[in-house]
Amino acid sequence: MPHDLQLLDVRLPDRDGRWNVALSQGKIAAIASSPLPPDGERLDAQGQLLIPGLVDGHIHLDKALLLDRQPAQAGTFAEAMAETLRLKQGFTVDDIQARARQVLETAIGFGITNLRSHVEVDPTAGLRAMEALLPLRQEYAWGITLQLAVFAQEGITQQPETLPLLRQAMAMGGDVIGSAPYVDTDPKANVRHIFDIAQEFDCDVDFHLDFLDDDEPLLLPFVIDETQRRGWHGRVCLGHMTKLAWLPPEELADLATALRESQISVLALPASDLYMMARRETHSQRRGVAPIHRLAAQGVNVGVATNNILNLFTPFGDGDVLKICTLLAQVLQMGTTASHRLCLAMATTQAARAIGIADVGLNVGDRADLVLLSATSVSEAVGAAPQGRTVIKAGRVVAQSRLDQQLFAPRNAVVQ
Ligand SMILES: [Zn+2]
């Protein structure tokens, strides 16, 4: 098979030495330490670190970049819900597309090659966000694979007219169905409705689950039961799961076993969760980030994602999931080389698996979605996300960034 692109002299996350990688027909065709016979285009990486394409498994394109429009007055979760709902009434297809394009283009530049966006569908938003984002899936397919998760953000039981809208959005081309049961007056009914739709459309499920730091019991055991009862093993992804951070180790271990057996993935969203959690505490404030490193130690598939960019839920961030990796490593105190590798996997291979993509990785036959980083080790890349990146989607270079910095030393500076 002729090679489309050869990446020469790369470092790899899990192997010592320098390697040459050949890409052909959108896949990794060869990984060799010996020289490759020249074939197709060649790129001399000069020892840069080659990683699998970054994956953002949980973001909200439709409510990104709203902070200028509505700066926080109180900075609370209640304000974020109420004000975002108010802004949503004014969302147009053009407005959603303009903000989504900005995020997608930045994401491609960062090396995010696969992304799942939640898409709000309810009586307020109608189907406008679906109408806005569906065409972008095709428009940006050259740089990023976009999954659309039809999302009931405002609850279902208290506004049942949401249900036919969710089904309409799935019929329009939604990839995944999901909701936020914590805002529903009947969270269990909410979960059942979502699984019903998943079965009707034979699609994966994505819940915003066990978020908030109230005293309500965990909904996770119910979701695990439904997953098993419906035979939805390996098809459920859970975002937030902040309440897991409050559990004693033995309770967490039991849940981890059940998660692993049901093949349910968990995505931590530290930028949002650190900001919103533990607000009731006046001192010794807890962190409120799901302890996904502990779940990983028990064999649960876990990842990390951005969630929101510059809105009232998360008035920070630029959408770079590698920077979120750094934050996660800091918060979960992941300092060893092995834990840095795990962290990177959480933003690449494991995040991909969480959203149903099995072939993101660095093995022959994996999709040629890759990033060359200006770094020589995983610890360096996780420690400080490098700006220098060459992004490859389906075997083709789609973006290149480098640090552009100039120093202006005074004329009388001592030169040694
Ligand atoms: Zn979310």
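**Helix packing, sheet and domains in a predicted model**

Helix H10 (residues 321-331) and helix H11 (residues 337-346) pack with their axes 10 Å apart and at an angle of about 135 degrees. That angle makes H10 oblique to H11; angles under 35 degrees count as roughly parallel, over 145 as roughly antiparallel, 65 to 115 as roughly perpendicular and the rest as oblique. Axes here are lines fitted to C-alpha atoms, for helices over the stretch in contact, and angles run from 0 to 180 degrees between N-to-C directions. Helices (H or I, at least four residues) and strands (E, at least two) are DSSP runs, numbered from the N terminus.

The model is predicted: local features need pLDDT of at least 70, side-chain atom pairs count only at pLDDT 80 or more, and totals for chains, interfaces and linings use all residues. Residues are numbered from 1 along each chain as its sequence is written.

H10 and H11 cross in a right-handed sense; a crossing is right-handed if the near helix is turned clockwise from the far one by less than a right angle, and left-handed if anticlockwise. On the H10 side, Cys-325, Leu-328 and Ala-329 meet His-340, Cys-343, Leu-344 and Met-346 of H11, where contact requires C-beta atoms, placed from the backbone, to lie within 7 Å. The residues of this contact comprise six nonpolar, one polar and no charged. In this division Ala, Val, Leu, Ile, Met, Phe, Trp, Tyr, Cys and Pro count as nonpolar, Asp, Glu, Lys and Arg as charged, and the others, Gly among them, as polar.

Another helix pair is formed by H4 (residues 162-172) and H5 (residues 187-201), whose axes come within 11 Å and cross at roughly 30 degrees. H4 and H5 are therefore roughly parallel to each other, and H4 passes H5 in a right-handed crossing. Leu-163, Leu-166, Arg-167 and Met-170 of H4 make the contact with His-193, Ile-197 and Phe-201 of H5. By class, the contact of H4 with H5 has five nonpolar residues, one polar and one charged.

Helices H6 (residues 220-229) and H7 (residues 249-262) pack with axes 10 Å apart, at an angle of about 25 degrees. H6 and H7 are therefore also roughly parallel to each other, but their crossing is left-handed. From H6 the contact takes Leu-220, Ile-224, Thr-227 and Gln-228, and from H7 it takes Leu-255, Ala-258, Leu-259 and Ser-262. Five of the residues in the contact of H6 with H7 are nonpolar, three are polar and none is charged.

The strands come next. Eight of them form an open sheet in the order E6-E7-E8-E9-E10-E11-E12-E13, with parallel pairing; two strands pair if DSSP finds at least two bridges between them. Strand E6 (54-59) and strand E13 (302-304) are the edge strands, each pairing on one side only. On average, neighbouring strands of this sheet are turned by 20 degrees against each other, direction ignored. Within the sheet, strand E8 (residues 145-152) runs parallel to strand E9 (residues 176-179), and four bridges join them. Ala-152 stands opposite Ser-179 in E9.

At the level of the whole chain, there is a division into domain 1 (5-52 + 363-401) and domain 2 (54-354), with bounds that come from an automatic or database domain assignment. The centres of the two domains, taken over C-alpha atoms, are separated by 29 Å. Their contact takes 19 residues from domain 1 and 23 residues from domain 2. On the domain 1 side, strand E5 (49-52), helix H13 (378-383), strand E15 (389-393) and strand E16 (396-401) each supply at least two residues. H13 gives the most to that side, with five residues. The side of domain 1 that touches domain 2 has twelve nonpolar, three polar and four charged residues.

Notes
Contact = placed C-beta atoms within 7 Å.
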